[in-house]
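Me: I would like to go through some backbone and interface details, with the terms spelled out.

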Amino acid sequence: MNVSAKREQSHNLRVRADAISAALPSLLVSARRIAASVTLGSHGRRRAGVGDSFWQFRPYSKDDTPQAIDWRQSGKFDTVFVREREWVAAQTAVLWCDTSPSMRYRSSANLVTKAERAAIMMLAIAELLVDGGERVLRLDGQGRPQRAATAGRIAVAQIADAVAAELISTERPEGAPAMPIFSAALPRHASIVLFSDFLAPLEDIATSVRALARQGIVGHLIQVLDPAEETLPFSGRVRFVGLEAEGATVIDRAEEARTGYVSKLIAHRDGLKALATTAGWSFGLHHTDHSPLPAMAALHNAVTGFRR
Amino acid sequence: MLSLGFISFATPWALAAAAALPLVWLLLRLTPPSVRQINFPAARLLFDLAPTKRSAAHTPPWLMLLRVTVLMLALLGLADPILNVRQSSEDGPLIVVMDNGWAAATAWDDRVAAVRALLESADRRNQPAVLVTTAPGPTDAPPLRMMPAREVLAQVLQTSPLPWPTNRAAAAERVGALKVTGDATVTWISDGVDDSGVSDLAAALQKFGKLTVIEAGALISPLLQHPPDRAFGNSGAARGNVAGTSNGIGLKLSRVATAVSPEIAQTVRAVDADGQVLARTLVSIAGGKASGTATMAMPSELANRIARFDVEGLATAATTILADDQWQRRPVGIASATAEGITVPLLEDAYYLGEALAPFAELRSGGLEELLARPLAVLVMAGGGKILDAELARVSAWVDSGGLLVRFAGPRLDANVDPLLPVKLRTGGRALGGTMSWNVPVALAPFPETSPFKGMVVPEDVTVSSQVLAEPAADLVGKTWARLGDGTPLVTAERRGKGWVVLFHVTATPEWSKLPLSGLFVDMLRRLVDVSQGVPADGSNEVAGALEPRSVLDGRGRLGQPGPTVLPIAGPEFADAKAAPTTPPGLYGPPGATRALNLAAHLAELQPMAGLPASVVRQTFAAISRERNFKPWLLSAALMLLLADLVVSFVLRRLIPQSLRFNPNALSKAGTAAVVLLCLGTGHLIPRAFAADAVARQAEIDSATRAAVLETRLAYIATGSVEIDRIAASGLDALTRILFDRTAAELAQPARLDLKSPTLTADMQLPYPIIYWRITLTQVLPPDRAFSAINDYLRRGGMVIFDAPGQAGALGGGVTQERLDDILGRLDIPQVVEMGADHVLNRSFYLMHGLPGRYANAPVMVERDATAHDGVSSVVISGNDWAAAWAKDANGVPMYAVIPGGEQQREMAYRAGVNLVMYALTGNYKADQVHVPSILQRLSQ
């Protein structure tokens with residue numbers, strides 16, 4: 001690679017970085033808007049431990065340090081009391097959003113792409129989790145952890161940065177599978193949220209889900225679909241080309257193929273639901289022509305519900 | 001030619017191509033539609049779907065149908081389908097006889113269409129044809145000969161209905177000379193009006209073959225309008241007492257009546273010369289009847305404006321009646337009492353009368369003799385003069401036979417000056433509201449019920465300050481048509497025979513009353529003209545000479561310029577003239593004495609066509625339907641459908657760009673832009689056009705005139721001699737300087753007027769208060785135009801100083817009396833006298849004894865009786881050579897010595913000049929000073 005080519009690449013990177021930073025605020029803002037409208041539940045462990053909120057008073061035992069004595073409470077009675085706080089343990093939530101070419105699809109200029117909607121939903125849930133004191137860990141497009149799990153606002157900003165970069169990039173590693181395997185070791189007892197259209201073959205998805213379940217991770221599948229994928233609103237003689245090099249097919253009368261397609265889509269989704277149920281996971285569906293709020297509310301309930 | 005019922009195909013072999021249609025059908029079906037490519041994420045789900053039926057992916061059936069229809073239409077069009085092909089004898093020539101007289105103008109288009117249908121069909125069969133028209137042309141028609149039908153078709157299109165009757169006998173003669181081979185088809189398009197030649201023509205035509213006569217049928221008959229009958233006011237006594245009289249005009253329409261003729265109603269319009277419709281009246285003809293009448297009511301002012309009557313929606317020569325000068329008759333004569341002397345606008349009676357009468361009456365002016373030579377409805381005598389005994393008998397006879405004599409009072413209308421007065425007058429008039437009088441001018445009382453002026457509103461500001469008074473009499477009240485607030489009569493009238501004598505007790509000028517300045521005066525005169533009997537069109541004023549054609553009617557009732565073939569009609573023969581090729585209906589004669597030749601005036605009663613042999617086939621126009629070729633229609637329809645197919649194909653293949661589909665925003669934007677552009681465009685142009693107009697108008701006033709208007713200055717007339725002009729120029733220049741030094745008259749540089757200038761008018765002279773004309777023996781005689789301009793200038797209040805030194809040795813040669821007479825004789829100069837010692841000229845600035853110039857002894861002549869312009873003489877004629885006395889050279893040294901001599905005389909000459917200019921500028925106010933000494937003397941006593 002000669003010097004001028006290098007300079008050109010560096011220039012391209014900078015241009016792209018600008019595009020990322022330009023895309024960032026809008027991603028974050030819309031994610032925060034969604035997060036703010038979903039009410040936050042309690043995150044306590046419901047037992048004594050390290051935490052901020054008061055849990056109970058108990059009589060002093062010799063193992064306790066003198067600093068632990070609550071003198072105000074002890075003054076009221078003859079016994080000496082110790083103030084115990086509720087144990088708050090931060091949990092790691094693992095997030096993954098599919099940014100493959102098939103996710104870049106939208107059927108009309110009035111809609112957002114599926115990847116964009118999935119990224120926004122992912123950032124929104126990240127925001128919610130961080131607000132609840134949890135740590136978040138993002139997996140990149142190939143299912144590898146982005147970095148160590150982090151907490152706080154900075155984590156959301158980092159995730160937004162990385163997702164935006166992935167959304168803009170048009171590069172795609174050769175021979176990438178339709179669904180990543182998620183082979184990397186993840187924190188124990190973490191929960192995972194997967195955003196994708198899940199249009200890959202059912203077996204590939206099953207492989208990935210099983211790999212995660214084997215680690216004892218509880219997960220949620222959020223299927224993000226374009227309305228056109230739901231209804232196949234085409235007619236006439238059409239050549240359908242897949243976006244991930246899976247090939248093409250010519251349908252003479254697209255309007256007549258609609259019924260067959262819809263029933264196949266429903267069968268595929270039923271397979272996904274069955275897969276989730278088997279692994280003890282949940283399954284959610286979202287369309288890009290709908291508001292993300294209902295799906296977010298359902299997702300939030302699912303993510304926080306198991307702790308209660 | 002292939003015939004299928006009423007449709008025939010001229011090129012039937014084209015239909016054979018229709019056999020290929022099923023093949024086209026198949027080909028269209030086999031062509032698969034184009035494939036659209038769509039990127040789709042869920043393509044995998046579509047991979048192993050059961051394949052849909054391929055046969056379903058063909059062109060929609062309605063599109064197939066559309067395309068096959070296009071082909072079918074194209075094939076049918078190429079096969080030349082023709083509707084209504086005439087099934088007649090295939091060979092033999094075609095003879096078409098066409099009536100094109102006045103009666104054929106009705107339904108003319110139907111006639112032409114019928115002839116065209118016949119000829120087009122003959123043209124298709126290559127039959128020879130001939131067209132015979134029955135109305136004679138202005139020139140002899142060429143002999144008939146057979147020619148190709150196409151050429152005859154061109155003839156038909158040039159044929160038009162002619163405004164005179166047909167001459168079928170002559171047509172029969174022409175037809176007789178025709179050479180025809182074979183058995184001909186003979187068709188006669190008849191107008192249905194009988195004449196003597198019908199049987200001749202039918203017989204002549206039947207020699208060639210079977211004769212078919214085609215008529216308009218009983219439903220459409222030619223219509224004839226008879227000259228309307230204007231009911232002139234005959235019972236003057238009754239009408240004299242009825243205000244707001246109106247005239248009834250009798251209208252009559254007639255037609256060719258048969259037993260089955262339906263009832264028809266047509267609107268007859270009265271139209272004025274500008275084409276404005278004055279009145280409409282419905283005239284109906286009952287079923288089976290030949291004519292119908294109606295009365296058109298209209299006020300006489302309108303009736304006088306009628307130029308023609310026509311039938312609405314039926315413009316033919318027969319339904320158009322021209323009204324001539326005989327018709328518009330309420331001629332009013334204004335007798336000018338002062339045939340001599342200078343006429344001054346705004347100050348003479350005739351001016352006020354003319355302005356008041358012109359809107360509704362035909363005016364004539366002149367002496368009594370001249371006026372009564374032609375029929376007259378109203379004679380107005382202003383100025384209060386006496387009718388001379390020689391003329392009295394004539395005027396009396398005219399009044400007795402129905403004339404209306406209107407007289408106005410005046411200083412000279414003394415008591416019982418002649419018998420043609422309605423009341424006895426008292427000697428001496430009566431003045432109200434003078435300087436020495438206590439009483440004020442009197443207003444008018446409301447008009448009596450018996451007066452023709454009844455109901456008119458009396459304005460308060462019309463007052464009378466002088467009048468002549470009637471001798472009280474028993475019948476005075478009955479004779480009074482208008483009176484003043486104090487009961488004295490203002491207008492009196494008396495019936496004399498069939499006519500009236502009416503007297504206004506005031507003048508027709510504003511001297512005695514404000515009546516002539518008011519609108520009431522116009523209305524009163526209008527009522528008086530209405531009262532008059534009018535002049536019946538009895539042909540009593542025939543013009544002896546030939547009446548040249550002015551404009552002639554064509555067959556469709558349009559007036560146009562007469563062609564070269566139209567001949568004049570001798571005046572005495574006009575009453576018997578008939579509409580003919582050389583004398584078509586129209587207007588003949590000079591302006592003011594125009595006579596109308598109307599077609600209907602000499603036509604016999606209309607009769608249905610009789611005398612046709614029984615073997616003749618009679619048909620109506622409906623039987624001849626035109627052949628119609630559908631080729632162009634079918635081919636255009638195919639083309640339109642093809643375009644529609646193109647659009648449909650584009651839509652089906654989604655080849656129409658997104659932006660074209662539907663964008664109301666873009667449409668409205670484009671519309672707004674277009675409107676704004678339009679506004680900008682027009683807005684830009686209009687002010688520029690106005691500006692150009694304004695500039696052009698400004699340029700019309702020449703610079704010299706503008707300068708003269710802006711600054712008062714003296715003027716001299718260029719004599720053509722440089723020497724003399726220099727005297728005049730420097731003389732006036734020096735005088736202007738003297739005036740500047742000594743008086744308030746600060747004048748600008750004197751101007752030079754060239755009498756030979758082609759654009760010289762009085763308007764250009766009018767800004768100058770004085771024009772100085774130094775006449776010498778060598779004076780070139782100016783053109784007549786210059787004289788009339790100077791006359792005009794004098795009449796409007798200008799002043800000319802004629803300085804004509806006749807002394808021997810005068811500068812430029814002493815002018816002789818003959819030469820002076822020659823020049824002044826061409827001018828309208830009033831009677832002059834030698835200036836008296838107490839003339840205003842002698843005291844208008846300096847007190848002078850005579851007005852000396854270079855010479856001191858020549859007499860100064862001024863107007864004898866200068867009453868016209870505020871008592872200022874319009875001319876000053878002298879031989880004192882003032883300009884030579886005034887003239888100074890560049891150094892201020894006098895150029896010419898004065899005779900007999902002394903600077904005293906020169907000073908006097910300047911003073912004379914100052915007096916002349918002040919006289920012209922200020923008028924006669926110094927004249928009052930003449931009486932000052934006596935007034936002072938009286939006051940001191």
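Me: In which loop does A:L232 lie?

Reply: This is a predicted model, in which local features need pLDDT of at least 70, side-chain atom pairs count only at pLDDT 80 or more, and totals for chains, interfaces and linings use all residues. Residues are numbered from 1 along each chain as its sequence is written, with chains lettered from A and ligands numbered from 1 in the order in which they are written. Helices (H or I, at least four residues) and strands (E, at least two) are DSSP runs, numbered from the N terminus. A:L232 has a positive phi of about 50° although it is not a glycine, and its loop is the one between α6 (227-231) and β7 of chain A.

Me: Is A:L232 buried or exposed?

Reply: A residue is buried if 20 or more other C-beta atoms lie within 10 Å of its own, exposed if 12 or fewer, and partly exposed in between, with C-beta atoms placed from the backbone. A:L232 has 23 other C-beta atoms within 10 Å, so A:L232 is buried.

Me: Which element gives the most to the side of chain A that touches chain B?

Reply: Residues are in contact if their C-beta atoms, placed from the backbone, lie within 7 Å. The contact takes 28 residues from chain A and 20 residues from chain B. With seven residues, the element that gives the most to the side of chain A is α7(A).

Note on methods: Contact = placed C-beta atoms within 7 Å.
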